[in-house]
Amino acid sequence: MAQAAKSRTTRSAGPVQPIRLVNGRRSHHVRNCIFGMLAWVFALASLLGTATHILPESIQAWPYMPVVVSLVPWFALLAIVALVLAVISRRGFAAIMAIAAIGLQIWWQYPFFYNQTKLPRAAIAAVSGASMNTDDGYARLMTCNVYKGRADAQEIVDLVKSEHVEVLALQETTDDFVDALNRAGIADYLPYSQVSSSDGVYGNGLWSATPLGDPADDDVDSSASFMPGGTVSFNGGTTPVRFVSVHTTSPTRSRWQQWKRSLDELARMKFNTDTRYIFMGDFNATYDHTPFRDFLGNRFIDASRQAAGGFVFSWPADIDYVPTFAGIDHIVLDSGMLAGQVKSEKIDGSDHKALLATGQILSG
């Protein structure tokens with residue numbers, strides 16, 4: 001009886017291994033199909049998302065399209081995931097799409113990481129001194145959207161002091177915020193200012209270590225907001241530069257065309273060839289937005305891109321568990337100028353980070 005039972009046990013155990021093998025093959029096939037499907041979806045999404053960089057500005061102003069374009073650099077990560085999944089699942093065409101997306105990203109974004117022209121050491125040394133000096137050809141610059149006056153004014157003044165800022169541009173100021181800024185001691189470092197408001201509630205402003213020549217409430221004649229300007233003289237007064245505090249329309253629901261129009265209005269400034277400019281502020285656009293690149297044209301230079309220190313993201317800065325993912329704040333220099341030491345700093349109370357840069361005002 002024991003031998004018979006043993007024999008039956010052996011016979012019944014025989015078919016188990018083939019069943020497990022079949023189940024393993026089915027599991028592998030299902031996993032391969034899932035990976036393949038995800039590879040196709042991710043590869044197509046990354047390629048299409050990357051390609052929004054080159055869309056005409058009229059298409060980029062379609063509903064929600066500005067938001068998609070602001071994410072262009074992040075589609076590179078999606079393309080890498082797609083490529084890995086395509087290799088695992090052996091989906092050749094999906095792999096080709098992913099590689100194409102990665103290639104385009106490298107082609108368009110590498111200037112943010114590599115540039116042979118660097119800010120000279122003399123510029124870095126000049127803006128590192130204990131006192132601010134515009135008699136030379138260098139300047140430490142800063143801009144920040146203070147989120148309807150909710151930013152911590154003392155933090156801004158402390159940053160101006162520690163970074164030896166010579167010219168400051170702020171957006172979405174209020175009268176109460178300006179009062180708080182004065183109480184925090186902004187005049188000890190930047191005693192000259194020009195603040196203007198188109199609606200009497202929220203405004204934009206400039207603060208400078210030296211007098212602002214020909215101050216104006218609005219240099220741009222924009223439908224978005226008053227963008228005040230003032231002239232700062234460098235190099236012993238021989239090199240005047242016109243600074244403008246910029247704030248364009250935000251691309252929110254039902255305001256897509258207004259967003260484009262405000263950038264188009266700003267783009268007219270590149271034809272004012274009798275004035276050298278530095279624009280600082282909240283452009284509500286990244287370098288991947290065609291209207292912003294049209295504003296730059298062949299004349300103006302985005303400081304973050306020229307400095308080649310990598311992406312410098314400034315928004316959003318006040319949402320828990322959401323990283324700052326878009327570079328919509330800019331310091332834009334006129335042709336012949338150089339930028340370096342670009343970075344962003346968090347300011348409590350604001351939904352934007354402050355953006356700082358060192359500029360070489362004189363060419364050569």
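These notebook entries record what I looked up in a predicted model.

**Ground rules**

I am working with a predicted model, in which local features need pLDDT of at least 70 and side-chain atom pairs count only at pLDDT 80 or more, while totals for chains, interfaces and linings use all residues. Residues are numbered from 1 along each chain as its sequence is written, and side-chain values use heavy atoms, with hydrogens and water left out.

**Entry: the sheet that holds β1**

I began with the open sheet of 6 strands, whose order is β3-β4-β2-β1-β12-β11 and whose pairing is mixed; strands (E, at least two residues) and helices (H or I, at least four) are DSSP runs numbered from the N terminus, and two strands pair if DSSP finds at least two bridges between them. At its edges stand β3 (192-197) and β11 (338-345), each with a single partner strand, so one side of each is left without a neighbour in the sheet. The twist averages 15° from one strand to the next, where axes are lines fitted to C-alpha atoms, for helices over the stretch in contact, and angles run from 0 to 180 degrees between N-to-C directions.

I then asked how many residues of strand β1 (residues 138-145) are buried. The count is 8 of the 8, so β1 is largely enclosed by the rest of the structure; buried means under 20% relative accessible area, exposed over 50%, and partly exposed in between (1.4 Å probe, protein chains only). In a regular strand the side chains alternate between the two faces of the sheet. Here I find both faces covered, with Tyr138, Arg140, Met142 and Cys144 buried on one side and Ala139, Leu141, Thr143 and Asn145 buried on the other.

With β12 (residues 354-360), β1 pairs in the antiparallel sense over 6 bridges, and Tyr138 has Gln360 as its bridge partner there. With β2 (residues 167-173), β1 pairs in the parallel sense over 5 bridges, and the partner of Asn145 is Gln171. Between β1 and β2 the chain passes through helix α8 (residues 153-163), and this β-α-β crossover is right-handed, a term that applies if, with the strands pointing away from the viewer, the path from the first strand over the helix to the second runs clockwise. Helix α8 lies across β1, β2, β11 and β12 and runs at about 165° to β1.

I also followed β2 to β4 (residues 203-208), with which it pairs in the antiparallel sense over 6 bridges; Ala169 has Leu206 as its bridge partner in β4. Within β2, Glu172 has a positive phi of about 60° although it is not a glycine, and at 14% relative accessibility it counts as buried.

β9 and β10 are antiparallel over 2 bridges, and Asp302 has Val332 as its bridge partner in β10.

**Entry: nonpolar cores**

I looked up which members of the largest nonpolar core touch the most other members. Of its 23 residues, these are Leu141, Phe243, Ile278, Met280 and Ile331; a nonpolar core is a set of buried Ala, Val, Leu, Ile, Met, Phe, Trp, Tyr and Cys residues joined through side-chain atoms within 4.5 Å. A second, separate core of 22 residues includes Cys144, Leu170, Ala184 and Leu190.

The peptide bond from Trp315 to Pro316 is cis, with omega near -10°. Ala308, also placed between α12 and β10, has a positive phi near 55° and is buried, with a relative accessible area of 8%.

Thr248 sits in the loop between β7 (239-247) and α10 (256-267). Is Thr248 buried or exposed? At 3% relative accessibility, I record Thr248 as buried. Its side chain reaches the backbone oxygen of Phe283 at 2.6 Å, a polar contact (a pair of N or O atoms within 3.5 Å; within protein, one must be able to donate a hydrogen and the other to accept it, and residues adjacent in sequence count only if both atoms are side-chain atoms).

How values were computed. Contact means heavy atoms within 4.5 Å.
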